[in-house]
Amino acid sequence: MERVDGSAQPLFAAAQVEGVFVLRSLTTGEQIVTDAALAGVGELPASTFKIPNALIGLERGVLAGADATLKWDGVERGGSPEWDRDHDLGSALRDSTVWFFQEVARRIGAEAMRASLVAFAYGNADVGGGIDRFWLQGALRISPREQVEFMSRLHRRALPVAREHMALVEHMLTRAQAPGWSWRGKTGLTAHEGRAVGWLVGLTERRGTTWAYALMLRAPEAEVERLMPVRAELARALLIHYGALPAEAGR
């Protein structure tokens, strides 16, 4: 059951971005979309792909668990300074460490990666464009609706991987929590074909109800850095607007 709700459009206008928000109650099944057309548009998942990448790495034995550590090769890649050190799975998810998950993907391999993505029904499951960059600049595409379906299946433990792997990755996505509510999510950001694309996808829990959500933003490519703080700020405002987070989560 999906309904289109335009009441949040002023939030997008205030942030000066084109975008769409999809929110599904896992209790009632009701799904809200702010833009029905844009909710079905496939885009590169960018670093939101770290969620399935981590699950596949754990399931395939490439990652031994939460403490699985990869050594930094000493190469500064010009991203976040937090990347330039050894990482375990938890810190790599928290800091969105690109090189860590590129190495995980190389160890998984293209054939196993594609097979897992097909089993996940993850977007178009296309790993074309290089095993260590297909989600950044390659052929993989996923829509906001598909992101919400994937996160819903993760929470219901309905993906074809071990339950403990799903529980671990979900827990590692925690952004904030307090008595009565929690906010989990993963950001993503890339630029291609002249535009910047920003994501925040995840789960919230409040007063016994769980929601899966996906925020996708688009702007001219030159504004890619501007989207970095906007993703979390706007996602938080939207989740509060629709009651999936309490007002105090915005403080």
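Student: Which helices and strands each supply at least two residues of the lining of the largest pocket?

Tutor: The model is a predicted one, and in it the largest pocket has a volume of about 690 Å³. Its lining is made up of 30 residues, and the largest share of them, 6 residues, comes from strand 7. The elements that each supply at least two residues of this lining are helix 3 (89-94), strand 6 (174-178), strand 7 (181-192) and helix 8 (227-241).

Student: Of the residues that line the largest pocket, which lie nearest its centre?

Tutor: By class, the lining of this pocket divides into 11 nonpolar, 12 polar and 7 charged residues. Among the 30 residues of the lining, those that lie nearest the centre are Ser47, Ser96, Lys186, Thr187 and Arg231.

Student: Which residues of helix 5 meet helix 2?

Tutor: The crossing of these two helices is right-handed. By class, the contact of helix 2 with helix 5 has 6 nonpolar, 2 polar and no charged residues. On the side of helix 2 the contact is made by Pro52, Asn53, Leu55 and Ile56, and the residues of helix 5 that they meet are Met113, Ser116, Leu117 and Phe120.

Student: Is the crossing of helix 2 and helix 4 left-handed or right-handed?

Tutor: The axes of helix 2 and helix 4 (residues 98-108) come within 10 Å and cross at roughly 45 degrees, and the two helices are therefore oblique to each other. Lys50, Asn53, Ala54, Ile56 and Gly57 in helix 2 meet Val98, Phe101, Val104, Ala105 and Ile108 in helix 4, a contact that by class has 7 nonpolar, 2 polar and 1 charged residues. The crossing of helix 2 and helix 4 is left-handed.

Student: How many nonpolar residues does the contact of helix 2 with helix 6 have?

Tutor: Helix 2 and helix 6 (residues 144-155) have axes that come within 12 Å and cross at roughly 40 degrees, which means that helix 2 is oblique to helix 6. Helix 2 passes helix 6 in a left-handed crossing, with Ile51, Pro52 and Leu55 in helix 2 meeting Phe150, Met151 and Leu154 in helix 6. In this contact no residues are polar and none are charged, and the number of nonpolar residues is 6.

Note on methods: Residues numbered from 1 in each chain as written. Predicted model: local features only at pLDDT ≥ 70, side-chain atom pairs only at ≥ 80, totals over all residues. Heavy atoms only, no water. 1 Å grid on protein atoms, 1.4 Å probe; cavity = no way out; pocket = protein on both sides within 12 Å on 5 of 7 lines; lining within 4 Å. Points joined across faces, edges and corners; volume = space filled by probe spheres on them. Helix = DSSP H or I, 4+ residues; strand = E, 2+ residues; numbered from the N terminus. Nonpolar A, V, L, I, M, F, W, Y, C, P; charged D, E, K, R; others polar. Left-handed = near helix turned anticlockwise from the far one by under 90°. Contact = heavy atoms within 4.5 Å. Axes fitted to C-alpha atoms, helices over the stretch in contact; angles between N-to-C directions. Parallel < 35°, antiparallel > 145°, perpendicular 65-115°, else oblique.
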